[in-house]
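This briefing goes through one protein chain by topic.

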Amino acid sequence: MAVNATRESVAKNALVIAREAAGRFPQNREVCKKFIRSYESRDGEPDAKYGQRKYKAALQRAANHRQETIFVDLNEVEEFCRAEIQNPDQRIVEALSIPKVQLQESLEKMLQDIEANTFRYMRYFYEACDAELPERDEDFDAGSAALARDAVLQWRERQLAQQQGAGAGSAASGIPPKLKNNFDVRFKPRDAAPSKKVREINAGCVGSLVKLDCLVVRVGQVKPKVEVVTYHCEVCGAEIFQSVESERYTPPKECPSQRCRDNRQTGKLRCNIRTSKFAKYQEMKVQEMSGHVPVGGVPRSIDVVLSGDICRTVMPGDAITLAGVYTPYQLPWFLARHKGTMQDMFIDAHSIRKHKNGYNDKSENEQELSRKVDEAWNRGGLYENAAKSIAPEIFGHLDVKKALLLVLVGSFKKVMKDGMKIRGDIHTLLMGDPGVAKSQLLKQAVNIAPRSVYTTGRGSSGVGLTAAVVRDAMTGEVSLEGGALVLADMGICCIDEFDKMEEGDRTAIHEVMEQQSVSIAKSGITTTLNTRTTILAAANPVYGRYNPYKSPVENIDLPPALLSRFDLLFLLLDTPDADKDRQLALHVTKVHSDYERSQARPDEKAVAGDEPPEADDGDILNLGFKAFDATFMRTYVRKARTFEPMISDELQKDIVDAYVSMRDDEKRGDVDSRKSYTTPRTLLAILRLSQAHARARFSTRVERQDFEEAMRLMKASKESVELSAPAKKGTNPLDLVYDIISDLARRETVQGNDGWVELAHVVSMAGHRALTKEMVEEAIENWESLSVLCWNPEKTMVRFMVPPA
């Protein structure tokens with residue numbers, strides 16, 4: 001009984017709230033008309049005809065067929081309502097015969113009413129826009145299909161006037177507004193409105209405007225959707241209009257005209273596609289962000305419907321903030337009967353904002369960011385500072401960070417007269433010991449690049465990288481769904497654990513890296529997909545750690561056909577160095593102490609492009625400046641990619657000599673010491689790196705310093721191998737094991753263990769010098785045969801027969 005009483009009270013309360021909201025409809029309808037007619041925006045350039053009246057200017061562009069969607073900003077509606085509450089419009093009060101206090105109460109709750117009952121207020125704003133729509137002016141787009149629609153509309157008005165025996169003005173009133181107008185109305189959410197997670201949308205959100213952060217996982221084709229269907233009666237000649245509000249409609253069977261009713265005839269209706277109204281329609285699926293998924297949970301997804309100007313604005317892989325109306329699909333009766341009370345829901349999209357703007361997209365504060373980039377460039381050292389700003393928490397690796405910056409900037413693509421294409425993307429492979437921050441550097445590149453995909457070698461297949469053939473469950477159509485490389489088109493694809501990938505799957509990358517395309521011939525579909533992407537891969541050596549007793553080619557263990565496609569190959573070795581290790585430890589401890597607190601304070605967050613602050617204020621990591629954020633880096637890269645530097649004639653000879661010298665060195669050198677394969681692709685890599693460095697300097701010419709930096713980076717990528725070479729050539733494994741046991745024996749003696757050293761400890765220390773357990777045991781047995789070392793009975797510990805001096 002208590003439960004039923006509670007339900008009844010909740011239902012009564014909801015009914016009271018609904019009646020109060022319905023009582024505010026007439027006042028809010030008049031406010032919508034006044035808002036469209038008189039709102040003046042304080043931002044942006046004034047319109048030449050309407051000044052600061054933003055929506056009148058937007059309606060003029062819609063009348064001229066320059067704009068298809070009128071976006072009503074709820075921030076501006078909120079600002080307008082606050083001003084109207086202070087000074088209510090007397091004309092609205094007199095027209096509706098209501099007290100001024102009632103109008104003020106309606107204005108206070110108008111924003112909540114719009115967000116809770118969005119479809120109704122879309123109709124109110126559409127009616128207001130229809131009433132205020134101006135005539136066309138000299139800016140009319142004559143190239144659009146408007147002239148053909150005008151001819152149809154004039155013919156329609158003449159037909160209706162003849163049927164009704166009245167003027168054309170009254171005839172036009174019988175035509176649906178969507179058939180006369182070429183625009184739609186959508187809402188932009190408030191900035192203060194909280195963003196929901198996909199799993200937080202519930203039954204209370206049905207019919208209301210929701211705002212959520214999500215990830216686009218699939219985008220469908222843009223198709224025409226009918227909004228108004230027109231029929232022609234072959235008996236009486238009347239034209240019948242049917243407005244379609246939902247996903248499905250039922251065509252009329254009888255002619256509703258007066259003549260057919262008087263003659264008691266059903267008429268014969270014929271659908272006229274030529275005079276019907278269609279709109280752009282696109283479906284996509286979004287998934288909740290990975291950070292929103294709880295522990296052990298599976299990401300939730302939901303369907304989204306796009307229309308009008310919002311179509312074709314996003315691609316799979318984009319992180320977006322979506323605003324739309326949460327509403328159910330309207331199924332036909334025979335499907336709804338079997339479906340029951342459960343509803344299939346979707347979001348009717350109103351506004352989309354990308355989290356990361358592409359290099360060709362314009363952001364809202366583009367001018368401010370461009371000014372900061374110019375200021376940083378005028379101060380000098382922008383290339384060095386931008387490289388240091390990539391993962392400033394990671395110690396060292398400055399050359400790797402510079403290479404990543406050049407990867408982001410890239411060179412420009414060249415298309416010859418005969419159609420041959422030469423790529424401008426700089427493919428890079430980071431190979432080295434575990435724990436040298438390869439994966440973190442890849443994550444930073446993903447964070448900076450506006451279009452990026454991150455995947456791992458073991459979790460990727462050839463189909464997942466290229467494209468898969470999928471069959472639509474609803475229509476049964478066979479279509480292609482792009483993989484990671486297709487999704488990263490015009491961006492960066494980061495592949496971690498590249499060495500763990502199956503050889504059959506790895507061959508799928510060969511065509512992508514050089515031809516920048518994927519050829520598909522599956523299930524009757526033969527096509528070529530664009531994959532103009534930069535490959536950034538990270539891998540471990542074949543033995544887990546780099547073995548200096550093997551050649552670099554043996555450690556890398558990748559096919560020459562794939563290895564030659566990488567422009568840069570960094571070999572990062574974890575070599576013991578007391579000074580370097582101390583600096584690294586100090587840097588890491590600083591990151592985990594002062595740096596975390598400075599990031600937590602909003603007043604000390606890094607502002608891109610500002611003047612270098614004091615060292616104790618903003619430069620926690622001793623960079624010499626405050627690190628640039630990802631937004632600044634994207635703006636810098638966007639500006640750098642606008643340049644197309646060409647190589648001067650005097651520099652060509654130096655580049656040719658350098659390439660020939662590299663080939664000669666490889667020819668004269670020992671095969672075992674070969675670090676990479678120098679092919680004609682290496683020459684193209686030098687050119688691409690030189691052009692990328694010139695781009696990073698905002699230069700239109702490739703100068704000598706660009707060529708020297710490119711050569712320096714190619715040499716620096718192998719520096720760590722050179723550092724480990726003396727250990728390979730001049731040191732015997734027997735001596736290494738002797739030194740390790742001697743060092744450990746001194747420590748054990750101090751601790752009173754009679755000089756016994758555990759074998760596991762020796763093997764662990766030898767692993768840092770690329771010695772396996774078998775090599776350690778073999779060395780100990782050799783020293784034992786020389787009566788230098790001895791085992792314990794279990795062969796788990798070892799010590800010197802005579803303590804070393």
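With a relative accessibility of 41%, Arg704 falls in the partly exposed class, because that class runs between the 20% and 50% limits. The model is a predicted one. Arg704 has a charged partner, Asp654, and their side chains form a salt bridge with an N to O distance of 2.4 Å. Asp654 belongs to helix 25 (residues 649-668) and Arg704 to helix 27 (residues 704-716), so this pair ties together parts that lie 50 residues apart in sequence.

**Salt bridges**

- Side chains of opposite charge can pair when their charged atoms come close.
- The count for this model is 34 salt bridges.
- Asp654, the partner of Arg704, is partly exposed as well, because its relative accessible area is 22%.
- A salt bridge also links the side chains of Asp706 and Arg697, at 2.7 Å from N to O.
- Asp706 has a relative accessibility of 0% and therefore counts as buried.
- One network, joined through salt bridges that share partners, takes in Arg423, Glu514, Asp567, Arg681 and Arg688.

- Arg371 and Glu375 form a salt bridge through their side chains, with 2.3 Å between N and O.
- Helix 13 (residues 366-379) holds both Arg371 and Glu375, which are four residues apart, or about one turn of the helix.
- Arg371 is partly exposed because its relative accessible area is 38%.
- Glu375 is also partly exposed, with a value of 28% for its relative accessible area.

**Surface patches**

- Which residues make the nonpolar surface patch of about 350 Å²? They are Trp333, Phe334 and Leu335.
- Trp333 is part of helix 12 (residues 333-339).
- The relative accessibility of Trp333 is 63%, so Trp333 counts as exposed, a class that needs over 50%.
- A negative surface patch is made up of Asp574, Asp577, Asp579 and Asp581.
- One of these residues, Asp581, sits in helix 23 (residues 578-600).
- Asp581 has a relative accessible area of 35% and is therefore partly exposed.

- Arg29 is a residue of helix 2 (residues 25-38).
- Is Arg29 buried or partly exposed? Its relative accessibility is 31%, so Arg29 counts as partly exposed.
- Leaving aside residues up to four places away in sequence, Arg29 touches Tyr124 and Glu127.
- Ala128 is 99 residues from Arg29 in sequence, while the C-alpha atoms of the two are 8.4 Å apart in space.

**The chain as a whole**

- The chain has 31 helices and 25 strands.
- It contains 805 residues, of which 44% count as buried.
- Of the contacts between residues at least 6 apart in sequence, 70% join residues at least 24 apart.
- The accessible surface of the chain is about 42400 Å², and carbon and sulfur atoms account for 50% of that surface.

Conventions: Residues numbered from 1 in each chain as written. Predicted model: local features only at pLDDT ≥ 70, side-chain atom pairs only at ≥ 80, totals over all residues. Heavy atoms only, no water. Helix = DSSP H or I, 4+ residues; strand = E, 2+ residues; numbered from the N terminus. Buried < 20%, exposed > 50% of the residue type's maximum accessible area, 1.4 Å probe, protein only. Contact = heavy atoms within 4.5 Å. Patch = residues over 30% accessible without salt bridge, like charges linked within 9 Å, V, L, I, M, F, W, Y side chains within 5 Å. Areas by Shrake-Rupley, 256 points an atom, 1.4 Å probe, with all protein chains shown as cover. Salt bridge = Lys/Arg side-chain N within 4 Å of Asp/Glu carboxyl O. Lys, Arg positive; Asp, Glu negative; His and termini not counted. Charge placed at Lys NZ, Arg CZ, Asp CG, Glu CD.
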